[in-house]
Amino acid sequence: MSRRSIQILAAPETNLFLFAFLLNFVYEVWQAPYYEFYDSPSLAAKINDLTHCTFGDGVIILVSSWVVSVLVRSRDWVLHPTWKSTVLFTSIGLLYTLAIETYRVNISKAYGVPVLAIPMLGMSVLALIQWIVLPPFILYLARRHMLGFAKYPR
């Protein structure tokens, strides 16, 4: 592998987005039947919707990590996350999701949540669970993967 390839693969952003995309795609597929967009006319439309949502989840993870990076003044906080940085990282994604899901369900009516909706918010409790459980797990997997590149200088 070239030095540039190793630098890209070892970057916190690459690892966070990679694991965010993989884990969130599985979660999105699992929770899809609970949303109205699942009634899309074709499998291709369903896959497109799920991929769009998953890509957005990856971007939320990146933005959350950048906010934490600014606050702790290091992109490498991912290698040594504290309890505080993990809670902050998770909370940023959770708050963003609460806002955007509430908007998309109640205001733009992009989709509906016929079951498992949180009263008054209208969003699915599954999205809430997703953003409480997955970010710490994504952080853990990204950290483990990055430590595998520790023997290579950046």
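This is a predicted model: local features need pLDDT of at least 70, side-chain atom pairs count only at pLDDT 80 or more; totals for chains, interfaces and linings use all residues.
**Helix α2**

I started with the length of α2, residues 12-31. At 1.5 Å a residue, its 20 residues should span 28 Å, and I get 28 Å between the end C-alpha atoms, so the two agree.

Next I asked which residues of α2 are buried. My list reads P12, E13, N15, L16, F19, A20, N24, Y27, E28 and Q31. Looking down the helix axis, I find these buried residues inside an arc of 165°, so they line one face of α2. The general rule I had in mind is that an α-helix has 3.6 residues a turn, so residues three or four places apart point the same way. As for partners, the buried residues of α2 pack against α1 (3-10), α3 (43-72), α4 (83-107) and α5 (125-147).

**Aromatic rings**

I looked up ring pairs and got six of them in the structure. I picked F17 and F55: the ring centres are 5.5 Å apart and the planes sit at 70°, which is over the 60 degrees cut-off, so I log the pair as edge-to-face. This pair ties together distant parts of the chain, with F17 in α2 and F55 in α3, 38 residues apart.

**Nonpolar cores**

Then I went inside. The largest nonpolar core holds 19 residues, and L16, I61, W77, V78, F89, I138 and L139 have the most contacts within it. Helices α2, α3, α4 and α5 each give two or more residues to this core. Which element gives the largest share? That is α5, with seven residues.

I came back to L16 for a closer look. Ignoring neighbours within four places in sequence, I find L16 in contact with I61, S65, V78, F89, I138, L139 and A142.

Last entry: R73 has a positive phi of about 60°, though it is no glycine. I noted this because most residues other than glycine have a negative phi. R73 sits in the loop between α3 and α4, and at 78% relative accessible area I count R73 as exposed.

Note on methods
Residues are numbered from 1 along each chain as its sequence is written. Side-chain values use heavy atoms; hydrogens and water are left out. Helices (H or I, at least four residues) and strands (E, at least two) are DSSP runs, numbered from the N terminus. The expected span of a helix is 1.5 Å times one less than its number of residues. Buried means under 20% relative accessible area, exposed over 50%, partly exposed in between (1.4 Å probe, protein chains only). The arc is that of the directions from the helix axis to the C-beta atoms. Contact means heavy atoms within 4.5 Å. Rings of Phe, Tyr and Trp (its six-membered ring) pair if their centres lie within 6.5 Å; planes under 30 degrees apart count as stacked, over 60 as edge-to-face and the rest as tilted. A nonpolar core is a set of buried Ala, Val, Leu, Ile, Met, Phe, Trp, Tyr and Cys residues joined through side-chain atoms within 4.5 Å.
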